[in-house]
Structure formats: structure tokens, C-alpha cells
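Trainee: I am new to this structure. Please show me, and then let me ask about the labels.

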Amino acid sequence: MEALFLKLFNMSVSAGWIVLAILLLRLIIRKSPKWINVALWILVAVRLCVPFSLKSILSIIPSTNTIPQEIIATERPVIESGFEAVDSAVNPIITENLAPSVTESVNPIAIILSVTVAVWLIGIAVMLTYMVISYLRIYFRIREGVPDGDNTMLCDRINTPFVMGIVRPKIYLPSSMDESYKPYVIAHENVHIKRRDYLWKLLAFAFLTVYWFNPLVWVAYIIFSRDIEFACDEKVIKKYGEEYKAAYSTALLNCSIKKKSVNINPLAFGEVSVKSRIKNILKYKKPSLWISVISVVLIIALGVFFLTDPLDKEITDKAKKEDKITETVTYEIVEDTTSEPEETVTSIPTENTSQETEPQNTETSKQQETVSTPTQSNKVLTAAEQKKLIEHWLNTPALEDNKVYFNTKNFSEQGYNAIVIYLTRKATKETYDKVYTLEDFPEIQGKFLMDSSLSTMELIKEGKMPSDLDFKTFRRTLNIEFKYVHHEELNKIIRQLEKREDIYKVEPEVLGYAE
Amino acid sequence: MNDINFGTVESRFADIIWQMAPVASSKLVKIAEKELNWKKSTTYTVLKRLCEKGIFTNENAVVSPLITREEFYSMQSEKFVEQAFDGSLPAFLAAFTTRKELNSEELEFLNELIEKYK
């Protein structure tokens with residue numbers, strides 16, 4: 001449900017851009033026939049109900065993925081509004097305050113999202129209730145109507161003519177209406193019926209029900225409702241000619257009633273902007289062919305501009321990215337530490353992190369190889385796998401950076417025994433020999449270290465790479481063990497490490513639980 | 001009590017009742033369905049409304065009028081003359097006759113009426 005909501009949210013943002021564009025455009029095309037205005041709204045409708053689209057470079061939409069789906073799952077939640085300025089203003093705030101922390105068991109973004117979805121659903125319920133109530137109110141009045149022709153009904157208790165009904169729409173006339181206006185009213189309503197306006201309006205309201213949170217959708221709905229009436233008037237005059245204008249306008253004027261802000265069901269005759277409509281009717285002229293052609297071209301152009309999606313952000317961003325690790329080889333030599341008797345490496349059901357495979361998308365076509373999932377502490381590499389690993393690691397060209405790569409996961413609130421730190425190194429023999437030692441990490445020094453960790457430190461200090469493939473004694477990791485450190489304290493350390501220049505990521509992993 | 005105006009549809013229904021009264025409500029329903037295309041529930045709803053206004057009554061499933069049609073419309077016309085002509089019947093007649101001439105029969109009828117009043 002959250003994913004659905006995000007998808008719909010992004011769609012409505014895209015549609016919002018079209019609405020703005022249409023509002024601007026309408027000022028320019030004021031002189032054109034009104035059916036064009038109605039047709040423009042179709043673009044909005046498409047955006048609101050079609051979840052996918054072609055990508056094109058002509059797209060003007062800033063972003064179709066404003067709130068990415070991954071925002072829940074990632075460590076660094078960000079939005080992609082399509083505007084650098086907005087992104088760089090908003091994202092640091094989000095990342096700082098709402099990023100999931102290793103020590104909390106719930107992701108704040110997930111909480112916010114759940115609440116938002118609940119509110120959204122409530123809103124939908126409210127809209128539906130309003131629709132049902134409105135319909136019922138009208139229904140009770142019109143069932144006392146009497147037939148008055150093929151598809152016309154006369155009713156005492158209504159005050160404006162309208163069309164209602166989905167399957168067999170009927171025209172409802174107030175019995176108090178002057179007989180002389182009847183033909184004009186019926187002409188108008190029949191155009192509505194022929195064009196199936198009652199269906200389009202219902203569909204528009206359906207959109208409003210789902211997208212009620214987007215004010216631009218409300219604007220679109222209200223203006224669309226008005227546009228339908230204008231276009232209907234024009235069609236009537238077009239059909240019956242200039243001589244019709246005076247009588248028709250009179251009928252309209254005399255049937256006008258107080259305007260309700262948002263009505264959903266009936267296409268009422270005298271409800272919408274009567275004054276403007278009369279003005280429009282009086283100055284209506286049959287449009288030349290030229291205008292029609294230009295209008296169609298315009299609509300198609302707008303379709304291309306607004307119904308296509310912008311090209312992938314990644315493709316455009318790739319060119320910008322530098323200083324990224326182009327390759328990460330991480331692996332864990334899964335082995336219980338021989339010198340730590342009380343530690344049993346239990347298999348901790350931590351989540352499988354997707355960070356190793358995170359988009360360090362490379363400009364080069366090198367593949368990123370993540371071997372074992374470091375979470376499964378009990379997984380032991382076979383000899384063949386290990387050999388492959390080493391070979392690969394030695395044969396890959398130098399990395400741009402020599403960053404230390406720490407592996408983080410979420411913990412339980414208990415204290416924990418060990419942090420395993422994964423190294424990402426240049427895959428050459430020379431740089432392999434440079435090892436990080438504890439001295440390189442003043443943040444960690446003096447914090448709850450267990451002696452037993454030093455044994456592994458020495459191994460690394462010696463920089464020995466085993467000639468054979470005996471992984472049991474060889475540790476490629478900087479294994480620092482904290483015992484009984486409170487998770488808050490550890491969190492602080494991790495934050496400090498993360499701030500370091502040479503640290504790309506910090507990923508502690510639980511190898512056991514403290515008592 | 002009779003402070004109401006019939007709409008066109010309601011007056012058609014009322015006329016039916018006045019014509020057929022007293023009439024069993026079930027029969028009325030059938031007639032209404034035929035003449036007005038009304039559902040049973042609609043007929044009962046409107047009937048109830050008219051009963052509440054004191055024009056008809058529905059006792060033991062029989063509908064009968066509390067006031068006759070003439071009485072009703074005379075009350076209406078009283079109201080109308082009151083509203084439009086300050087209650088002055090001559091004024092009303094004068095206005096009426098400017099648009100429609102009275103024929104000889106009507107004239108004679110009026111004369112007799114005046115005689116009775118004198």
C-alpha cells in the first residue's frame with residue numbers, strides 16, 4: 001500500500017506540472033474554441049491514470065519519481081524533485097533527521113509513510129461519502145419526477161435543469177421552469193448526453209477522490225467542470241446557428257442559480273459562471289479550419305512534452321560522478337576466531353544488506369563483485385571460491401581511492417561483541433601490504449577493546465598473505481571487538497567514523513551477543 | 001396549514017386523488033404508477049407529505065380529502081390576491097380583464113354573484 005501511494009504521489013506531481021502548464025497556456029489561447037480546453041485536460045487525466053510512459057529527451061517534466069520507492073529501504077533517504085536547488089535544500093535535512101539509524105529498530109521514514117497512507121485512505125473515504133450523500137440527496141428529489149418526453153423528466157423539487165444517470169442518462173427539468181426555455185435547455189443537455197460528459201465528470205471526480213491531496217488536481221477538476229459547460233454552449237450555437245444566441249442566453253440567464261463550489265453529479269444548466277458563458281456565447285464564431293489544425297498540433301506537442309518521462313537520472317548523473325569507488329570486493333572469511341573461546345559465531349539473522357550491490361554504477365563496464373553476503377556468518381567459502389576471490393582481487397586494476405569500507409547492519413539493543421570491518425583495497429600487491437591498524441582509528445582507541453582482538457591485529461600488521469589458501473588463519477578484516485558497549489556509545493563511534501574522509505561506509509556486524 | 005404551493009407534478013398527483021377520492025391507497029399507488037411512473041415508495045412519500053400539510057388523510061389505507069379541490073384553490077387564490085393586489089379583488093379583476101376579456105356567460109355569472117352579495 002505504501003508503494004502504491006508513493007507511485008500515485010509521484011504521478012500526481014507529474015500531473016501537477018501539466019496543470020500548471022495548461023493554466024498558463026489557457027491565457028494564450030483564450031480566443032480559441034473551448035473544446036480545446038477540455039482536450040488539454042485529457043493530458044492530465046492520462047498522467048493520472050497511466051503509471052508508465054515513454055522516456056524522451058523532450059520531456060519537460062522535472063521528475064516522475066519525486067519520492068523514490070527506495071526511500072524506505074535505503075540508509076540515505078533522499079527525494080528527486082528534479083530541481084537541484086530543491087534537492088540540495090531538502091535532502092540533507094531528510095538524510096540527517098530521518099535516516100534509519102543502526103540502533104533504532106524502526107525506520108522513521110517508514111513510520112511517516114504509514115501515517116501518510118492512513119490519512120490518504122481516510123481522505124478517500126471522506127470523498128466517497130460526500131459523493132454518496134450528494135447522490136442520495138438528488139435521488140430522493142428526482143424520483144418524484146414524471147416523464148415528459150423521451151428522456152426528459154419533470155421534477156418539482158429541483159431548481160435547475162441537469163443531466164443525471166450513467167447507463168441511461170436523463171434530462172431533469174424543474175417544473176417551475178418557463179415552458180419557453182425548454183427547447184434551449186434540452187438542446188444543451190442533449191449535447192452533454194451525446195458527448196458523454198456525465199461520464200467524464202464522474203471520472204474526473206474519481207481522480208479527485210484518489211488524488212485529493214494534490215491541490216492542483218482540485219483546480220483541474222473545478223476548471224474542467226466549467227470548461228465542459230462552455231464547450232457545450234458552443235456546440236449548441238454551432239449546431240443551431242447565430243439566431244439561437246439571444247433566446248439561448250435568455251434561457252441560461254433565467255435558469256441561473258447560486259453557484260455551488262464543487263458539485264459532482266449533475267451537469268447543471270445554470271450553475272456554472274453564467275455571466276462568462278453568456279459573454280462567450282454572444283461572441284462565438286465558428287472556428288476556421290486553421291485554428292482546429294493548430295489546436296491539434298498544440299495538443300500533440302504538449303503530449304510529447306508532458307506525457308513522456310525525463311531520461312533516467314542515473315544516466316545523466318553518471319557523467320557527473322567521480323571519486324566513487326569503482327570496484328568493491330568484499331568478502332568475509334567466515335571463521336570462528338580461534339582465540340576467543342567464549343565467542344560462538346552464531347548465525348545472526350540480520351538482514352541481507354543490499355549495500356554491497358548499491359549503485360556504485362561505474363562508467364566502466366566493470367562488474368562489481370560481491371561474493372558472499374557478509375551477514376551469513378556461518379557461510380564458509382569453498383576452496384575454489386576462495387581461490388577465485390584472491391585471483392580476482394589481485395588482478396583487478398587499481399582503485400581510485402583507497403578507502404576503508406566498513407560494513408554496517410542493524411543491531412539489537414543489546415550490547416554486542418564484535419565489529420567486523422571490511423576492507424576495500426586496491427587490488428595490487430603493493431597496496432595490499434598497507435594495512436590499517438588500530439592507530440589509524442583514534443575514534444576506537446581505548447574503547448572497550450578486548451585483548452583477543454589484538455591477535456588478529458598482529459596478523460594483519462605482518463601483512464602476510466598466505467601463499468596457500470589457508471583461509472582459516474588469515475583474516476582480511478580488521479576485527480575490533482567491543483564488549484558490553486552500549487549501542488548508543490557505539491552509534492556515536494560509528495557516526496564519527498562515517499565522517500572521516502577515508503571512510504566510505506561504516507558497517508559493523510554482530511558476531512555474537514553479550515550476555 | 002395550507003401555506004403551500006403545489007409544483008406541477010404534485011398538483012397532478014393531488015388532482016388524481018381529488019378525482020378518485022375516497023380511494024384505497026393501494027389503488028392509488030397503481031394509478032400513480034401508470035400515470036406518473038412512480039414507484040410505490042415514492043407515492044407513499046408524497047402522500048405522506050400532503051397529509052402532513054392537512055390536505056388529505058390516509059386512514060385505514062383509504063385516502064380521502066380533508067378539503068375539496070375548490071376549497072384548496074380558493075384559499076390559494078385568496079393568498080395570491082392578497083400578495084399581488086393587496087387583497088383587492090376589483091384590482092385583480094381589472095388586471096385580469098386587461099389581458100383576457102370576459103365572455104357574456106362569465107359576465108352574467110359575475111353579475112348574479114354581485115346581486116347575491118348585496
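**Rings, helices and labels**

Mentor: A:F5 counts as buried, at 6% relative accessibility. This is a predicted model, in which local features need pLDDT of at least 70, side-chain atom pairs count only at pLDDT 80 or more, and totals for chains, interfaces and linings use all residues. Residues are numbered from 1 along each chain as its sequence is written, chains are lettered from A and ligands numbered from 1 in the order in which they are written, and side-chain values use heavy atoms, leaving out hydrogens and water.

Trainee: Why is A:F5 called buried?

Mentor: Buried means under 20% relative accessible area, exposed over 50%, partly exposed in between (1.4 Å probe, protein chains only). A:F5 has 6%, so A:F5 is buried. A:F9 has 24%, so A:F9 is partly exposed.

Trainee: What makes A:F5 and A:F9 a tilted pair?

Mentor: Rings of Phe, Tyr and Trp (its six-membered ring) pair if their centres lie within 6.5 Å; planes under 30 degrees apart are stacked, over 60 edge-to-face, the rest tilted. Here the centres are 6.3 Å apart and the planes at 45 degrees, so the pair is tilted.

Trainee: Why is the pair of A:W212 and A:F213 called edge-to-face?

Mentor: Their planes stand at 75 degrees, which is over 60, so the pair is edge-to-face.

Trainee: How do you know that α8(A) is roughly antiparallel to α9(A)?

Mentor: The helices pack at about 175 degrees. Angles under 35 degrees count as roughly parallel, over 145 as roughly antiparallel, 65 to 115 as roughly perpendicular and the rest as oblique. So α8(A) is roughly antiparallel to α9(A).

How values were computed:
Axes are lines fitted to C-alpha atoms, for helices over the stretch in contact, and angles run from 0 to 180 degrees between N-to-C directions. Helices (H or I, at least four residues) and strands (E, at least two) are DSSP runs, numbered from the N terminus.
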